[in-house]
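Good morning, everyone, and thank you for letting me present today.

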Amino acid sequence: MSELVRIENLQVYYPIRSGFLNRITDNVKAVDDVSFVIEAGKTYGLVGESGSGKSTIGKSLVGLEDPTSGKILFEGTEVTTIKQKKALNYNKDVQMVFQDSQSSLNPRKTIGEIIAEPLKSFGVPGKIEAGYQGERSFDQVLIDQRVLELLEIVGLPARTITQYPFQFSGGQRQRIGVARALASNPRLIVADEPVSALDLSVQAQVLNFMKKIQRDYG
Ligand SMILES: Nc1ncnc2c1ncn2[C@@H]1O[C@H](COP(=O)(O)OP(=O)(O)OP(=O)(O)O)[C@@H](O)[C@H]1O
Ligand SMILES: [Mg+2]
């Protein structure tokens, strides 16, 4: 199997500031010397007690946190810093589903806009270049189609498109987060406890379609 991601001696420290001058007096060693390899088409679980740094590893992997030291490689290319990740359009290929769906969805945007964000940044996967003579641009039609398809995958009705995050339950919001992560057909999805807020039956649904996506797209 081919290597997708390699993490070498990753360290992420958060500074602790204190005193009159608010100087950095110590560090929280959230992640201290972690190395592992992720192969394409496989599923990995990261296990550890609360506060042991699991979410922090995920965040530095997707580019929400710059490592203090160490290296992250994607198919052999270094993508350690947020800057390096941006330069490579890395987030088209690596997406994250968050533990806390409450704070990871912009409350001012409709669900349609939220799910369309990665499609606007990275394009609609597998889009066919064909002429379209309608009122709206062809791209917008493709984006709308893809958003509807994603909503169907996560089991939400089409009318969801015009609604806002506060109108949904925790479990429904989590499904919206999963739909957004799937939008650009990423190569790797970092899922930070994606189903812990869901009912057992819905957990199974979400995990099953994540498996299906993995089978279909590797
Ligand atoms: N932005 C931050 N600033 C300072 N410290 C942080 C920050 N984010 C996380 N930490 C600290 O880093 C450590 C690791 O946190 P992290 O969220 O990665 O743990 P976790 O393994 O995901 O825990 P849980 O299972 O509870 O989700 C904790 O001690 C946490 O307090
Ligand atoms: Mg966590």
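Predicted model: local features only at pLDDT ≥ 70, side-chain atom pairs only at ≥ 80, totals over all residues.

Residues are numbered from 1 along each chain as its sequence is written, chains are lettered from A and ligands numbered from 1 in the order in which they are written, and side-chain values use heavy atoms, with hydrogens and water left out.

The protein chain has 8 helices and 6 strands, where helices (H or I, at least four residues) and strands (E, at least two) are DSSP runs numbered from the N terminus. Read from the N terminus on, the order of elements is β-β-α-β-β-α-α-β-α-α-α-α-β-α. The radius of gyration of the protein chain is 19 Å, close to the 17 Å from the globule rule for 218 residues, so the chain is as compact as a globular protein of that length; the radius is taken over C-alpha atoms, and the rule is 2.2 Å times the number of residues to the power 0.38.

The domain assignment gives domain 1 (3–88) and domain 2 (101–217), with bounds that come from an automatic or database domain assignment. Their C-alpha centres lie 26 Å apart.

How do the two domains meet? In the interface, 12 residues of domain 1 are in contact with 5 residues of domain 2, contact meaning heavy atoms within 4.5 Å. Between them the domains bury about 670 Å², 58% of it on carbon and sulfur atoms; buried area is the accessible area (1.4 Å probe) that two parts lose on being put together, summed over both.

How many salt bridges does the rule find across the interface of domain 1 and domain 2? The rule finds 1, a salt bridge being a side-chain nitrogen of Lys or Arg within 4 Å of a carboxyl oxygen of Asp or Glu. Arginine 187 forms a salt bridge with glutamate 75, and their closest N and O atoms are 2.8 Å apart.

Lastly, glutamine 163 sits in the loop between α6 (138–153) and α7 (170–182). Leaving aside neighbours within four places in sequence, glutamine 163 is in contact with Lys109, Thr110, Ile111 and Phe168.
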